[in-house]
Amino acid sequence: MSQAPAARPPLTILLATPRGFCAGVDRAIQIVERGIAKYGAPVYVRHEIVHNRHVVERLKALGAVFVEELAECPPDRPVVFSAHGVPKAVPAEAKARKMLYLDATCPLVSKVHVEAGRHFDAGREIVLIGHAGHPEVVGTMGQLPEGAVVLIETVADAQAFTPKDPANVAFVTQTTLSVDDTAEIVAALRGRFPAIAAPYKEDICYATTNRQEAVKAVAARSQVLLVLGSANSSNSVRLAEVARRAGSVAHLIDDADGLDLAWLDGVQVVGVTAGASAPEVLVQGVIDRLSRSFAVSVEEIDAERETVSFKLPRVLA
């Protein structure tokens, strides 16, 4: 007699909402797509347009060529600046070479650039809370003369910072940081410099904040939490960190191929989210993969609904 197939074990999938693309990422990708449609291929992109391998590979297939420096771009083809922003020297060089460039910098990153400039014009010493080497940090520091911005990554850095005038200091932040970690650094700065000038509105962007709050809600009910996103994506890495801090076992994976089913041995509830640069198709791929091995039920956990959208550059609208 043939043996009946073993029943698939039950698994509840808790989907974090919001997750995946934010308005700035969606705008940046559209700029590349519409640039290719309008000007033909190739269209050059300085740095990955957003930090997601799948997005980059899809755009390459459409005709995008990704480079790290403007010098790698021919002067007769359009170039797109990534969503992370660029130092002022980059568009200046593009203008000098008479290049057509499209700026896909997220408007919320541009807001930080404007704030830093305002503080500089007011004669304040500027602290940037962020991660060294991240392109957004490089772009923000590159808005002002060298030495005008001091980078602080940790509470220890905040305690060690020695300004020329403690009564004339300001801070700005990278937009994709951990909300909780940043709050600790800001508290340390305010403890030392009560008069420190702060952003008019929180620099950590709405999408980063909302996704971290959604992860906290899901992590509270999940044994394991899967974060879809690439390892070089700051906001995706932060989501995994937030989940771990909330008590869940978290794994950052590019896609369903990165899923190890051994992680789910004995697990009844798994949370799933995606970083702000990760497309929703990757989430569906994980659900499909889990559905082949488990009797899956899916529950969406709402934290915050997003209605933000950003206009495209006028030349592409």
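Phe161 counts as buried, at 8% relative accessibility; buried means under 20% relative accessible area, exposed over 50%, partly exposed in between, with a 1.4 Å probe and protein chains only. Phe193 is buried too, at 3%.

A word on the model. It is predicted, so local features need pLDDT of at least 70, side-chain atom pairs count only at pLDDT 80 or more, and totals for chains, interfaces and linings use all residues. Numbering runs from 1 along each chain as its sequence is written, and side-chain values use heavy atoms, without hydrogens or water.

Now the rings. The whole structure holds 2 aromatic pairs. Rings of Phe, Tyr and Trp (its six-membered ring) pair if their centres lie within 6.5 Å; planes under 30 degrees apart are stacked, over 60 edge-to-face, the rest tilted.

Phe81 and Tyr101 are stacked, 5.1 Å centre to centre, with 25 degrees between the planes. Phe81 sits in strand E4 and Tyr101 in strand E5, so the pair ties together parts 20 residues apart in sequence. Strands are DSSP runs (E, at least two residues), helices likewise (H or I, at least four), numbered from the N terminus. Phe81 is buried at 0%. Tyr101 is partly exposed at 25%.

Phe161 and Phe193 are edge-to-face: 5.9 Å, 80 degrees.

Next, the core. A nonpolar core is a set of buried Ala, Val, Leu, Ile, Met, Phe, Trp, Tyr and Cys residues joined through side-chain atoms within 4.5 Å. The largest has 25 residues; Val32, Ile49, Leu59 and Val80 touch the most other members. Helix H1 gives the most, 6 residues.
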